[in-house]
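Have the coordinates at hand.

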Amino acid sequence: MVDTSDEWIRQRTGITERRIAEDDVATSDLCIHAARWAIKNANIDPLDIEMILVATVTPDTFFPSTACYVQKGIGAKNAAAMDLSAACAGFLYGLDLADGMIKSGRYNTILVIGGEVFNNIIDWNDRNTCVLFGDGAGAAIVQATDEPKGILASYIGSDGDYAEAIDQKRDKLQMNGREVFKLGVRLMPEAAQRVLREANVSIEEIDLLIPHQANLRIIEAVGDRLGVPREKVYVNVDKYGNTSAATVIIALDEAIREGRAKPGDLLLFVTFGAGLTWGSTLLRL
């Protein structure tokens, strides 16, 4: 469809494969599947969920929200539900909101999901973007705890002056790749350092860095700037491409399954995306 090759894509992005949803699969379908796994792993009843936050820029419809379809699909009758749009930073935006809601004392159990189906907004004739994005979803149950674990520090930010670096024109995604690279390798380390300072934690104490899986060059540049050894930087962009709001939660799930992230480990997440938006979360597993 475009002037490219497998070698060109691998060298410039690190992506070797990805998943593309069938035409009849909506974002909520992937989110429901991920939510059911999260509910099972957390050993809770869907009726215990009080809030559903779905981070996505590819909603099923603008109204009802994708989160309402998820609520119906998992039987979370007692939950309020809403979408949030912060592009690739969306899941960490959702974690930050969930953290604040729980600390307010008004909520105890919140389902946070990052999910995307990019099929319909990708310009398959644009080599700069059509080779990058994949479809996927991940979910987490966030609950109050008295144990010394969970979210230790969180930070989110945005700058609308860079809105045109990644945007949607005529219903299709457009991106200034060089500008995005420069912004990503500057903003993500800055966000990470901010939460480290807030929690009084050194980068040497981090067991695993889970950055937004945009492309391999950005991931490696962020790790290098933070001074994190390559073996402590989680990478799965090679398998899934950039799944936007879903990247870091898919990565966390895989890291746990692989034994790369274990109970007691200190994990550092960092993301950035269209808006521009960015965020970082420090978490004790």
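## Aromatic pair

Phenylalanine 133 is buried at 5% relative accessibility (buried is under 20% relative accessible area, exposed over 50%, partly exposed in between; 1.4 Å probe, protein chains only). Phenylalanine 118 is buried too, at 3%. The model is predicted: local features need pLDDT of at least 70, side-chain atom pairs count only at pLDDT 80 or more, and totals for chains, interfaces and linings use all residues. Residues are numbered from 1 along each chain as its sequence is written, and side-chain values use heavy atoms, leaving out hydrogens and water.

The count is one aromatic pair (ring centres of Phe, Tyr or the six-membered ring of Trp within 6.5 Å; planes under 30 degrees apart are stacked, over 60 edge-to-face, the rest tilted). Phenylalanine 118 and phenylalanine 133 form a tilted pair, 4.8 Å centre to centre, with 35° between the planes. The partners are 15 residues apart: phenylalanine 118 lies in the loop between β3 (109–116) and α5 (127–130), phenylalanine 133 in the loop between α5 and β4 (136–143). Helices (H or I, at least four residues) and strands (E, at least two) are DSSP runs, numbered from the N terminus.

## Cis peptide bonds

Most peptide bonds are trans. Phenylalanine 63 and proline 64 are joined by a cis bond, omega about -5°. Proline 64 is in the loop between β1 (51–55) and α3 (66–74). The bond from glycine 275 to leucine 276 is also cis, omega near -10°.

## Positive phi

Asparagine 43 has phi near 55° and is exposed, at 71%. Alanine 87 has a positive phi of about 55°, but is buried, at 10%.
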